[in-house]
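Q: I am new to this structure and would like to learn how to read its features one at a time. Could we begin with the terms and then turn to the case at hand?

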Amino acid sequence: MYSECYGPIHRNKKEILAWFSDWNEKGTVLVWAIKRIIIIHQTGIVEWHFKCDYLNKISEFDGVSLIDFNFGR
């Protein structure tokens, strides 16, 4: 599952791959700088800065990803 900060949730591998393909046809990542990574047991927390050109519009923002590594659960 991949949940975006502004609402969309992609619930399976097929949806995630379709979203990724569509985004990469329309957008270009200009900067994706990792500021900090914290790992606690099977959870990763990543703080980052993202800048992109999407449909000829430059956008940038800071974000945090919460990642649960379920290792086959």
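A: A residue is called buried under 20% relative accessible area, exposed over 50%, and partly exposed in between, with a 1.4 Å probe and protein chains only. This is a predicted model, in which local features need pLDDT of at least 70 and side-chain atom pairs count only at pLDDT 80 or more, while totals for chains, interfaces and linings use all residues. Residues are numbered from 1 along each chain as its sequence is written, and side-chain values use heavy atoms, with hydrogens and water left out.

Q: What share of the 73 residues in the chain is buried?

A: Buried residues account for 15% of the 73 residues.

Q: Which elements does the chain have, and in what order do they run from the N terminus?

A: Helices (H or I, at least four residues) and strands (E, at least two) are DSSP runs, numbered from the N terminus. Here the chain holds one helix and five strands, and from the N terminus on they follow the order β-β-α-β-β-β.

Q: How many salt bridges are there by this rule?

A: A salt bridge is a side-chain nitrogen of Lys or Arg within 4 Å of a carboxyl oxygen of Asp or Glu, and by this rule the chain has three. One of them joins Lys35 and Asp62, whose closest N and O atoms are 3.0 Å apart. Because Lys35 lies in strand β3 and Asp62 in strand β5 (residues 57–68), this pair ties together parts that are 27 residues apart in sequence. Asp62 is exposed, at 52% relative accessible area, whereas Lys35 is partly exposed, at 47%.

Q: Where do Asp22 and Lys26 lie?

A: Both belong to helix α1 (residues 13–26), and because Asp22 and Lys26 are four residues apart there, about one helical turn separates them. Their salt bridge has its closest N and O atoms 3.2 Å apart. Asp22 is partly exposed at 32% relative accessibility, and Lys26 is partly exposed at 37%.

Q: Which residues make the nonpolar surface patch?

A: Patches are made of residues with over 30% relative accessible area and no salt bridge, where like charges are joined within 9 Å and nonpolar side chains (Val, Leu, Ile, Met, Phe, Trp, Tyr) within 5 Å. In this chain Val29, Trp32, Ile34, Ile37, Ile39, Ile67, Phe69 and Phe71 make a nonpolar patch of about 840 Å². Its largest share, five residues, comes from strand β3 (residues 27–40). Ile37 lies in that strand and is exposed, with a relative accessible area of 55%.

Note on methods. Accessible areas come from the Shrake-Rupley method with a 1.4 Å probe; for residues, only the protein chains shown count as cover.
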